[in-house]
Amino acid sequence: MARRYPEDVIYQAMNMLNKRRRLNEETRQRRIDEAFSKAPRLREIQAEIRKNQAFVMNGKPGSKAGISAEKEILKLRAERDDLLKKHRIPKDFQAPVYTCEKCRDTGIVYMENEYCSCRNELILQIAARNSGFADMDLPSFEQFDLSLYDDEIATLGKTRRQFAAAILKYCKTFKGGNILLCGGVGLGKTFTAECVANNFMKMGKAVCYLSSTRMFLMLDEYKFGQDTSQTNRQKIALIYDSDLLIIDDLGAEFRSSFTESMLFDIINTRLMERKNTIISTNLDMDEIRELYSPRISSRIAGNYKCLTFYGDDIRTKKFHKK
Ligand SMILES: [Zn+2]
């Protein structure tokens, strides 16, 4: 499937890199101005060092005048170092400032002749924002209400609330990996996934959030040419590339050989590229094995942390406590 981003997304990313360079140059200039206003003599020293250096370069090697110029340079450098120390100015106050050292904010790593990861990150963030994924009004873990789960034993001698508390703890600090959120309808799976999405967005990561029905519909419309718009293409690219993909309610989609092969492709590609994925589902692992091919279920079983909610539908208990 297509993994290209529209021209204007690339253009916006380049603009952001330009802006970064401009701001960093301003920061550097400000540091220099500050240093020179603290210690005005620094500017003179610099000019004198330069003059002497030119003299050394142009004069005869080993000449008397040349040697005294070299000595003068050493003296000036010592004076400069004293001044810097006295005014607590860092030695590299004139050095260029970069947000990304690897590409020096150009977006290209020249040594390797390829685009820098910081450029790719920007493109993903912009694409996610353009696709509306960043505008969602998402809940946060502070709103997660454990009192909605009761103390009935769920399984293995642990209560429903203990299971929910363990899930909360795991997801709150989740920084990467894959999660399968299981459990019946209305137990907080979507809510939990949305809280994780919120955390990722706060970290500046590109998140793609889709119900499985919507996701397969989009892929279908793209594949069969009904919707090849840039918007759709961009969303599809994000299904593969986003830092975090959330597939909500897997199992609710209309299953076909097409959805089967797409799901495998998405799960497998994201695993290989070490992208984070969360799947929420009403199915348990046995049902997943029954409904999906072994290559899909084995990848989920082997690479996803399975977290299960137990209880009665708590949405009626007003899950969204504000
Ligand atoms: Zn970079």
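Of the 322 residues of the protein chain, 30% count as buried; a residue is buried if 20 or more other C-beta atoms, placed from the backbone, lie within 10 Å of its own, exposed if 12 or fewer, and partly exposed in between. The model is predicted: local features need pLDDT of at least 70 and side-chain atom pairs count only at pLDDT 80 or more, whereas totals for chains, interfaces and linings use all residues. Residues are numbered from 1 along each chain as its sequence is written.

**Whole chain**

Display the C-alpha trace of the protein chain, which spans about 90 × 50 × 35 Å along its principal axes. The radius of gyration of the protein chain is 29 Å, while a compact globule of 322 residues would have one near 20 Å (taken over C-alpha atoms; the globule rule is 2.2 Å times the number of residues to the power 0.38). A cartoon view shows 11 helices and nine strands, which are DSSP runs numbered from the N terminus (helices: H or I, at least four residues; strands: E, at least two).

**Domains and core**

Colour residues 7-121 as domain 1 and residues 131-317 as domain 2; these bounds come from an automatic or database domain assignment. The C-alpha centres of domain 1 and domain 2 lie 48 Å apart.

Next, select A127, A197, V207 and C208, which touch the most other members of the largest nonpolar core, a group of 65 residues. Domain 1 and domain 2 both give residues to this core, so it lies between them. Such a core is a set of buried Ala, Val, Leu, Ile, Met, Phe, Trp, Tyr and Cys residues joined through C-beta atoms within 7 Å.

Centre the view on V207. Leaving out residues up to four places away in sequence, V207 touches A128, F133, A197, F200, M201, S242, D243 and L244 (contact: C-beta atoms, placed from the backbone, within 7 Å).

**The five-stranded sheet**

Select the open sheet of five strands, whose order is β6-β7-β8-β5-β9 with parallel pairing; two strands pair if DSSP finds at least two bridges between them. At the edges stand β6 (207-211) and β9 (305-308), each with a single partner strand, so one side of each is left without a neighbour in the sheet. On average, neighbouring strands are turned by 15° against each other, direction ignored (axes are lines fitted to C-alpha atoms, for helices over the stretch in contact, and angles run from 0 to 180 degrees between N-to-C directions).

Turn to β7. Seven of the seven residues of β7 are buried, so this strand is largely enclosed by the rest of the structure. Five bridges join β6 to the parallel β7, and I247 in β7 is the bridge partner of L210. Five bridges also join β7 to β8, again in parallel, and L250 stands opposite T281 in β8.

From T281, move to C182, whose bridge partner in β8 is T281. Strand β5 (residues 178-182) runs parallel to β8 (residues 276-281), and five bridges join them.

**Helix α11**

Finally, select R295 in helix α11 (residues 294-303). Is R295 buried, exposed or partly exposed? R295 counts as partly exposed because it has 13 C-beta neighbours inside 10 Å. Show F264 as well: the C-alpha atoms of R295 and F264 are separated by 7.4 Å, although the two residues are 31 residues apart along the chain.

Conventions. Contact = placed C-beta atoms within 7 Å.
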